[in-house]
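Please prepare a short briefing on the fold, the salt bridges and the nonpolar cores of the structure shown here.

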Amino acid sequence: MPPCHRGASGFRGVRVRPSGRFTAEIRGGFRLTLGTYNTPEEAARAYDAAAWRFRRPGHDMNFPDVESLEEAEFLAPPPCLVTDEDRRRHRQVQRRIAIAERDEQLMRQWRARSPDAFFANLRAQRRSNRRHRRAVAAFELENSNTTWTENDPRWDDLWTETTSDDE
């Protein structure tokens with residue numbers, strides 16, 4: 001008899017999710033997802049309880065020492081219940097996502113209607129960044145303990161300032 005396939009989790013009917021949690025599912029002409037669990041053992045216990053319910057043979061079980069459906073259901077973890085708090089938190093997240101999407105849509109419309117204002121703001125930010133870089137270069141020039149090398153491209157910010165001032 002060929003060995004049974006147990007997957008990366010080491011248990012039959014248990015898969016590892018990308019999040020690191022474990023999903024239990026049972027197959028047999030159908031596919032029934034039993035839930036997501038924190039440990040592979042919990043998922044395997046849930047699989048065994050479902051296998052007992054579907055009257056699977058003993059060699060299909062992950063834990064052969066379990067001798068009855070009642071024992072398998074007792075050892076299986078309780079199902080994950082969705083509480084009112086979970087629903088409230090989900091609604092809150094969905095509202096925030098909707099607000100963010102609406103903000104992005106309005107920003108696209110605003111940029112389309114008034115590109116001059118958008119690009120004027122962008123130019124002002126670039127000017128501010130340029131002034132800051134020039135101030136840092138001037139400070140480094142005055143500082144005798146500078147870590148900049150002689151060929152450092154950051155010196156160019158200072159030289160472009162002095163040549164533009166001379167003109």
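The points below cover the sheet and its helix, then the salt bridges, then the cores.

This is a predicted model, in which local features need pLDDT of at least 70 and side-chain atom pairs count only at pLDDT 80 or more, while totals for chains, interfaces and linings use all residues. Residues are numbered from 1 along each chain as its sequence is written, and side-chain values use heavy atoms, with hydrogens and water left out.

- An open sheet is formed by 3 strands in the order β1-β2-β3, with antiparallel pairing; two strands pair if DSSP finds at least two bridges between them.
- Helices (H or I, at least four residues) and strands (E, at least two) are DSSP runs, numbered from the N terminus.
- At the edges of the sheet are β1 (14–16) and β3 (31–37), each of which pairs on one side only.
- From one strand to the next, the twist averages 30°.
- Strand β2 (residues 22–27) pairs with β1 in the antiparallel sense over 3 bridges, and Phe-22 in β2 stands opposite Val-16.
- Helix α1 (residues 40–53) lies across β1, β2 and β3 and runs at about 20° to β2.
- Axes here are lines fitted to C-alpha atoms, for helices over the stretch in contact, and angles run from 0 to 180 degrees between N-to-C directions.

**Salt bridges between strands**

- The whole structure contains 6 salt bridges, each being a side-chain nitrogen of Lys or Arg within 4 Å of a carboxyl oxygen of Asp or Glu.
- One of them joins the side chains of Arg-15 and Glu-25 (3.5 Å, N to O).
- Arg-15 is in strand β1 and Glu-25 in strand β2, so this pair ties together parts that are 10 residues apart in sequence.
- Glu-25 counts as buried at 5% relative accessibility, whereas Arg-15, at 35%, counts as partly exposed.
- Buried means under 20% relative accessible area, exposed means over 50%, and partly exposed lies in between (1.4 Å probe, protein chains only).
- A network of salt bridges links Arg-15, Glu-25, Arg-27 and Arg-31.

- Glu-85 forms a salt bridge with Arg-88 (2.6 Å, N to O) and another with Arg-89 (3.5 Å, N to O).
- Glu-85 and Arg-88 both lie in helix α3 (residues 84–113), 3 residues apart, which is about one turn of the helix.
- Arg-89 and Glu-85 are 4 residues apart in helix α3, so they too are separated by about one helical turn.
- The relative accessible area is 38% for Arg-88, which is partly exposed, and 41% for Arg-89, also partly exposed.
- Glu-85 counts as partly exposed at 36% relative accessibility.

**Nonpolar cores**

- A nonpolar core is a set of buried Ala, Val, Leu, Ile, Met, Phe, Trp, Tyr and Cys residues joined through side-chain atoms within 4.5 Å.
- The largest has 13 residues, of which Phe-11, Val-14, Ala-24, Tyr-37, Ala-43, Ala-44 and Phe-63 touch the most other members.
- Two or more residues of this core come from each of β2 and α1, and the largest share, 4 residues, is from α1.
- Apart from neighbours within four places in sequence, Ala-44 is in contact (heavy atoms within 4.5 Å) with Phe-11, Val-14, Asn-62 and Phe-63.
- A second, separate core has 5 residues, among them Ile-26, Tyr-47, Ala-50 and Ala-51.
- In soluble globular proteins, nonpolar side chains tend to be buried together.
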